[in-house]
Amino acid sequence: RCYILCNENGKIQLSLRQSRLNPKSSNKVEDAEITCIKDVKKGQLVRGYVKSVTPSGVFFGLSTSLLGRILFQNVSPYFVQKHSLYERYLPEGKLLTAKVLGVNREENHVELSLLPEDTGMPCILPESLGLPRYDAEEERREGEDKEKREEFKKLKAKRRRGNSEIRIVTLQLELLVRFIPVVPFHHALVSPLLQEAKPKKRKICPADENDSGVEVFCREEEEDDQEEEDTAKKKSKLKKRSEAPRLQVSTGFTWDEDMNAVDVPVLSRKESSESEEEEEDLQSKPKKQTKKEKELEKEKMEKELCKIEAALMDPSRQPQTADDFDRLVLSSPNSSILWLQYMAFHLQATEIEKARAVAERALKTISFREEQEKLNVWVALLNLENMYGTEETLMKVFERAVQYNEPLKVFQHLCDIYANSEKYKQAEELYHTMLKRFRQEKSVWLKYASFLLKQGQTEATHRLLERALKALPAKEHVDVISKFAQLEFRFGDPEHAKALFESTLTSYPKRTDIWSIYMDIMIKHGSQKEVRDIFERVIHLSLAPKRMKFFFKRYLDYEKRYGTAETVLAVKTAALEYVEAKSSLAES
C-alpha cells in the first residue's frame, strides 16, 4: 500500500509514511513531515536525503518541495581539498540526520550541519583516510604567528641595547659641556663620537647637522622611555632642564635656540611608525623554503596539473561544474544540446536566473545560420518560463521567438508545451488563433484535430473536418480526410474512421496510396475477414500491371503469415488468372 501525493506531468509521487497510510493510528511519528519552510526551526534535528554535491556545498532534501544546503566546513571536521571525496561518501539518495543552523524565510534558504558535535551521529568521513582536522590547521597557523612575534621581540631587544650605548656617550658629552666653560662648544667636536655610537640602520633627520650634544641626549633619552612615560611628563622634564643655570660662553653661543627647537612628540611618532613598519615587514615576509621543499612542491603541482588535464581530455567525462560547461560551449558554441544541458545543470540547483542567463547567452552565441539549433534553445526557454515563470514572462519570450523564427513552428511548440503541462484552456485559445492566422496550413488543422481527440471531443473533431475542407484547397482534401481517419483510428471512433476511408476510396478508387494506408491500419486494428475483403476488392480493380503486382505480392505475404495453405493457393490462382487475362488481351 502507498499514498499518492500528486500526479503532475505524468509523474506520480508516492508516500509510504504510516501517518499517511493509517491516519487514525496513535503511534508516535518519528520524523515530522515538512511541507514548507515554516515547519523548520533553528536547532532542530531533521532527517533527509542527499540530492547533489556541488562546488557551493551539499544540497539536502528535507521534502519534495524544500531543499537545504550544507557548507563543506559543516559536513565534517576534516579538511578536504578534493570535493570528489564527498561524492564518494555522500551518494545521491543517502539518508542522513542533520541539524538546522539557520532559516532564512524570505529567501527560502535553510543552512544545515552534519558535524558529529551537532547531530550526535558518527562522522561521514572515516578516520582511516588520515585527513587533517580544521582545528589542527588553526593550531599550526597560531604557532607560526607566535614564532614571528618572538623574533620581533628579539629584534626589539637588540635595538634597545644599541640605544643604551648612545645614552652613555651622550652623558659623557654633557659632562664635557658643563665643566669646560672656556672651550667653545661646537657640533664639530661631538660629531665623531656620535658617528661611532650610532647604529648602521638608524635614519638621520635633516635637522641633525646643527644640533648640540644636549639635544642628542634629550632625543635618545625620550626615544628609550617613550613606551613607559606619557607625553605630558616628557614636556615637564624638558621645562625643568631648560631652567637649570647655563654656562657663560664668550663666543655668543645661545642655548635657547637649540633647546626650543626640540620637538619630542614628533620624534616619538617617527620612531613608533618605524617600529610598526618593521613589525609589518616581519609578518609579511614568508618563511623561506629549502631547495628540496621547492622541488617537492613543484613536482606535486605538476602531478595535479597532469591529473586535471587527463580528466579534461577524457571524452566520457560528464561536466560537473559551471566551468566544465563553459569549456564545452566554447569548443562547440553551435551545439544546442550542450546549452540545454547547461540550463538543466542550473535548474537542478534551483538557480532559475542563471538558467535564463545561459539561454540568452546561447541565443547570442549560436550562429544565425543554425536555425534549428536556435529554435531548440527558444523552445527550452519557453518551457522554462512555463514551469518557473509567469504568464507575462512567457508571453514576452513567445513574442520574441515569433520575431526571430518561423512563426508557425513557434506556435506549434507552445501548443505542445501547454498540452504537456495540462493547460488545456490556454492551448485551445492558441489553436483558435492559429486557425485564423494559418488557415491555409494543413498541419494546423491536423494538430488541432489530434488535440481534440486526445481530450475525447469527437464531435468537435467532425465539425473541424468540415471547416478544414472549406478552408483548404481541393487538391488537399483527400490527404486531409485520410489523416483525419488515421487519427480517428488511434484516438477516436474506429467505425467513423472506416466510413471516412470507404467514402474516399469510393470517390477516388485509383488512389493506391490510400488503399495501402487503409490495408495497413486494418491489419493492425481489423479482423482477418475485413482485411481479405479489402484485398479481394483491390485485385479486381483495373489498375496498371505494376500496381497489381504490388497488391498481389502483399496479399500473398499476408496469407503466408496469417492464412493457411489453401488461402495461399487461392491467391496464387487469382494471380495466374490475372496474368492469363492480360496476355490474352495483348494477343487479341
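## Lining of the largest pocket

Six elements each give at least two residues to the lining of the largest pocket: strand 1 (3-8), strand 2 (11-15), strand 3 (45-54), strand 4 (57-61), helix 12 (336-348) and helix 14 (371-388). Strand 3 gives the most, with seven residues. Helices (H or I, at least four residues) and strands (E, at least two) are DSSP runs, numbered from the N terminus.

This is a predicted model, where local features need pLDDT of at least 70, side-chain atom pairs count only at pLDDT 80 or more, and totals for chains, interfaces and linings use all residues. Residues are numbered from 1 along each chain as its sequence is written, and side-chain values use heavy atoms, leaving out hydrogens and water.

## Pocket volume and residues

The largest pocket has a volume of about 1,800 Å³. A pocket is an open set of points on a 1 Å grid over the protein atoms alone, where a 1.4 Å probe fits, with protein on both sides within 12 Å along at least five of seven lines; lining residues have an atom within 4 Å of a point. The volume is the space filled by probe spheres set on the points, which are joined across faces, edges and corners.

In total, 42 residues line this pocket. Gln 13, Lys 51, Ser 63, Thr 64 and Ser 65 lie nearest its centre.

## Gln 412

Gln 412 sits in helix 16 (residues 407-420). Beyond neighbours within four places in sequence, Gln 412 is in contact (heavy atoms within 4.5 Å) with Met 434, Ser 443 and Lys 447.
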